[in-house]
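Here is my notebook on a structure I have just opened. Have a look at it first, then follow my entries.

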Amino acid sequence: MSSQPFGRYTLLEKLGHGGMSVVHKAFDPRLERSVAIKILHPHLAERADSRARFSREARAVARLRHPNIVEVFDYASPQSNDSFIVTEYVDGPTLRAFVEEQPIKQPEVAVLLMVPIVDALDRAHQAGIVHRDVKPENIMIRSDGSPVLLDFGIAQMIDMPTLTATGTMLGSPAHMAPEVIDGHEVGAAADIFSVGTTLYWL
């Protein structure tokens, strides 16, 4: 795609899309740095109360400040027509892509990769925030080799932990705890379950 303005940012290229959002690499001219912008699909944030919840939850995630949680720089206000989050741009592969290219043969290496993610989740759980979608695609490997957890609290932000308005499941069933799939109340145990499935996959 050609570059296009998006508020104070310039969208440079589309990095990916899913059931909840489209992600772009962008440039912040004010701070002269690359960022990633996740723009939620309009049908997930069309109500004013959804936008207000999104803003409130994004603020909570931004306060976590953990080296293995992607840093949140900016987010949409409740008055914005779009719902979006601006985060650090991680110039590296997802854990899935990394492992598919360089298969892990030692269990100890898998554990070393996941220990920082578990520490990040512990920080979030202490703050009352549940990820709800821990999976290899939501973990990226920075250029220095450190893992970083993405999409923290996105499902919680839009107040729709499992289903969109059209009935499409959000998240990956292979890594979702039973209570998430069943639409029951979700707590920290759901993230621990997903850590287990990710370790098993590794």
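I looked up Lys38 and found it buried (under 20% relative accessible area, where over 50% is exposed and in between is partly exposed; 1.4 Å probe, protein chains only), with a relative accessible area of 14%. Lys38 forms a salt bridge with Asp151, their closest N and O atoms being 3.1 Å apart. I count a salt bridge when a side-chain nitrogen of Lys or Arg is within 4 Å of a carboxyl oxygen of Asp or Glu. Lys38 lies in strand 4 and Asp151 in the loop between strand 8 and helix 4, so the pair ties together parts 113 residues apart in sequence. Helices (H or I, at least four residues) and strands (E, at least two) are DSSP runs, numbered from the N terminus. Asp151 is buried too, at 19%.

A note to myself: the model is predicted, so local features need pLDDT of at least 70 and side-chain atom pairs 80 or more, while totals for chains, interfaces and linings use all residues. Residues are numbered from 1 along each chain as its sequence is written, and side-chain values use heavy atoms, without hydrogens and water.

Next I checked Arg142, which forms a salt bridge with Glu88 at 3.1 Å between the closest N and O atoms. Arg142 lies in the loop between strand 7 and strand 8 and Glu88 in strand 6, so this pair ties together parts 54 residues apart in sequence. Arg142 is buried at 19%, and Glu88 is buried at 17%.

How many salt bridges does the structure hold? I found seven. Among the residues involved, Arg96, Glu100 and Glu137 are linked in a network.
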